[in-house]
Amino acid sequence: MLLLLAFVLAVVVHVLSMAIALFLCGVTIKRISFGLGPVLFKVGIVTVSPLLTGGSVTALDSRVESIYETDLPQAFNHQPMCVQVWVPLSGVFGLGAIAYLLLGTAAVPTFLSGFEQIIRGALSPFEVAQG
């Protein structure tokens, strides 16, 4: 049960981090969705579905829909490239911040060991990578 709660918390932190990043960059947010499946309830632009294993943030984007010329500065695809890269990564940074708050300095080597495992697994796929 605790693992399920931690997973749901990770989804919420990830999605909210991206929504906050979009808001801080002045991008219009069209929808914030928590969960998958049929919508249980909706409050403003926030929707909640029963299967809380994922979520999404939908921003205004002129590649997806026609928008007025005056709304182009608030469209995601009209933001500088650094914003277009930072917003999706902000969800990961939000999770990293939670890990650092919970684990302290132990979070850093734990995070870096994940990359070591990926490289070991790629170089020797038939051996144990968590060595």
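1. Let's start where two helices meet: α1 and α2 pack at an angle of about 135 degrees, with their axes 7 Å apart. That angle makes α1 oblique to α2, since angles under 35 degrees count as roughly parallel, over 145 as roughly antiparallel, 65 to 115 as roughly perpendicular and the rest as oblique. The crossing of α1 and α2 is right-handed. Axes here are lines fitted to C-alpha atoms, for helices over the stretch in contact, and angles run from 0 to 180 degrees between N-to-C directions.

2. Before going further, please keep in mind that this is a predicted model, in which local features need pLDDT of at least 70, side-chain atom pairs count only at pLDDT 80 or more, and totals for chains, interfaces and linings use all residues. Residues are numbered from 1 along each chain as its sequence is written, and side-chain values use heavy atoms, with hydrogens and water left out.

3. Which residues form the meeting place of the two helices? From α1 come A10, V13, H14, S17, M18, A21 and L22, and from α2 come W86, V87, P88, S90, G91, V92, G94, L95 and I98. This contact has 11 nonpolar residues, five polar and no charged. For this count, Ala, Val, Leu, Ile, Met, Phe, Trp, Tyr, Cys and Pro are nonpolar, Asp, Glu, Lys and Arg are charged, and the others, Gly among them, are polar. Contact means heavy atoms within 4.5 Å.

4. Now look at α1 by itself. At 1.5 Å a residue, the 23 residues of helix α1 (residues 2–24) should span 33 Å, and its end C-alpha atoms are 32 Å apart, which agrees. The expected span is 1.5 Å times one less than the number of residues. Helices (H or I, at least four residues) and strands (E, at least two) are DSSP runs, numbered from the N terminus. Just after α1, G26 takes a positive phi of about 80 degrees.

5. Which residues of α1 are buried? They are V11, V13, V15, S17, M18, A19, A21 and L22, and these pack against β1 (29–36), β4 (51–59) and α2 (81–103). Buried means under 20% relative accessible area, exposed over 50%, and partly exposed in between (1.4 Å probe, protein chains only). I20, also found in helix α1, is partly exposed, with a relative accessible area of 49%. The C-alpha atoms of I20 and G91 are separated by 9.5 Å, although the two are 71 residues apart along the chain.

6. Two residues of α2 are worth a visit. S90 is buried, with a relative accessible area of 6%. Leaving aside its neighbours within four places in sequence, S90 touches S17, M18 and A21. V92, also in helix α2, is partly exposed at 43%. Between the C-alpha atoms of V92 and A10 there are 9.7 Å, with 82 residues separating the pair along the chain.

7. With 27% relative accessibility, E65 counts as partly exposed. Its contacts, leaving aside neighbours within four places in sequence, are K30 and L60.

Terms used. A crossing is left-handed if the near helix is turned anticlockwise from the far one by less than a right angle, and right-handed if clockwise.
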